[in-house]
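Me: Hi! I'm new to this one and would like a friendly walk through it. Can I put it up here and ask as we go?

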Amino acid sequence: MVAARQTITRGQTISQADVMTVQVGVDPALKPIPGSQLAGLVGRRAALDMAAGSLVTSDDVIATVLPGQGMSVVGVSLPASLLPGEALVAGDRVRVVATPGQQGDVGSEPPATIPATVVGVYPDGQSDQTVVSVEVPQERAAELAARSATGKVALILDSRER
C-alpha cells in the first residue's frame, strides 16, 4: 500500500519523497492505493491534507493542474495584520478586499472584493509578510495583481463548510 512519508498538505504536488510503500493488512473497503501504483501518484496533487504515516487512497489525490482552464494564480503579499488569524490552506475560499490604507476612510460603499481560492501559502521567515497564492478567473487577475501591488488589500476567509 502507499502511505504518506511526511505530511502532505491539500493542493501540494506529490513528489516521490512524499510517499512510500508499506506492508499492512487493510480492509479493501478503505480503497488504499496499492504500492505498485506509487509512481503514478508523483506529480498529482493532494485533494486533502494527509498526515505522515496515513494510507493514501484514490480519493486523496487529484490530477488537476493549476491554474485551471480560464483561471489565473495571483500572489498576494500581506502582513499578518491583514490575514485571518486562522491558518490558510489550499482550497480555502477567500475574498481579497480593497482597504483604504492608513490615510483613508472606509466610506459608506462596500469595499471592492474579489473572490478567490487559496492554492498556496508562503510565509517569509525574514519579514512579517506572507504570500498567499490565490486562483481567480482570468478576467479578474490583472485587477487583483494591481490592487495587491498597492498594498491596500486584506484577505477574508469565508466558510469552510461545503
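This is a predicted model: local features need pLDDT of at least 70, side-chain atom pairs count only at pLDDT 80 or more; totals for chains, interfaces and linings use all residues.

Me: Thanks. What does the secondary structure come to?

Reply: There is 1 helix, along with 9 strands. Going along the sequence, the pattern reads β-β-β-β-β-β-β-β-α-β.

Me: And what box do the C-alpha atoms fill?

Reply: Roughly 65 × 35 × 25 Å, taken along the principal axes. Of the 162 residues, 31% count as buried. The protein exposes about 9,300 Å², and carbon and sulfur atoms supply 53% of that.

Me: Let's look at the strands. Which way do β5 and β8 run, parallel or antiparallel?

Reply: Antiparallel: 9 bridges join β5, residues 71–79, to β8, residues 129–137. Methionine 71 has proline 137 of β8 as its bridge partner.

Me: What about β7 and β8, how many bridges there?

Reply: Strand β7, residues 113–123, pairs with β8 over 6 bridges, in the antiparallel sense. Proline 123 stands opposite threonine 130 in β8. These two strands, β7 and β8, form a hairpin with 5 residues between them.

Me: Okay, on to the inside. How many residues are in the largest nonpolar core?

Reply: It has 17 residues, and those with the most contacts inside it are Val94, Val132, Val134, Val136, Leu144 and Leu155. At least two residues of this core come from each of β5, β6 (93–98), β7, β8, α1 (138–150) and β9 (153–157). Apart from that core lies another one, of 12 residues, among them Ile33, Leu38, Met50 and Val61.

Me: Which residues is leucine 144 in contact with, leaving aside its neighbours within four places in sequence?

Reply: Leucine 144 is in contact with Val74, Val76, Val96, Ile114, Val134 and Val136.

Me: New topic: what is the phi of lysine 31?

Reply: Lysine 31 has a positive phi of about 55°, although it is not a glycine. For background, most residues other than glycine have a negative phi. You'll find lysine 31 in the loop between β2 (19–21) and β3 (45–46).

Me: Why does lysine 31 count as exposed?

Reply: Because its relative accessibility is 52%, and exposed means over 50%.

Me: How about threonine 57, buried or exposed?

Reply: Threonine 57 counts as buried because its relative accessibility is 15%, and the cut-off for buried is under 20%. Its place is in the loop between β3 and β4 (61–62). Not counting residues up to four places away in sequence, threonine 57 touches Leu30, Lys31, Pro32 and Ile33.

Me: Where is serine 159 found?

Reply: In the segment after β9. Serine 159 counts as partly exposed, at 46% relative accessibility.

Me: Last one: how many positive and negative side chains does the protein have?

Reply: There are 12 positive and 16 negative side chains, and the centres of the two sets lie 4 Å apart.

Definitions and conventions: Residues are numbered from 1 along each chain as its sequence is written. Side-chain values use heavy atoms; hydrogens and water are left out. Two strands pair if DSSP finds at least two bridges between them. Helices (H or I, at least four residues) and strands (E, at least two) are DSSP runs, numbered from the N terminus. A nonpolar core is a set of buried Ala, Val, Leu, Ile, Met, Phe, Trp, Tyr and Cys residues joined through side-chain atoms within 4.5 Å. Buried means under 20% relative accessible area, exposed over 50%, partly exposed in between (1.4 Å probe, protein chains only). Contact means heavy atoms within 4.5 Å. Accessible areas come from the Shrake-Rupley method with a 1.4 Å probe; for residues, only the protein chains shown count as cover. Lys and Arg count as positive and Asp and Glu as negative; His and the chain ends are not counted. The place of a charge is taken as NZ of Lys, CZ of Arg, CG of Asp or CD of Glu.
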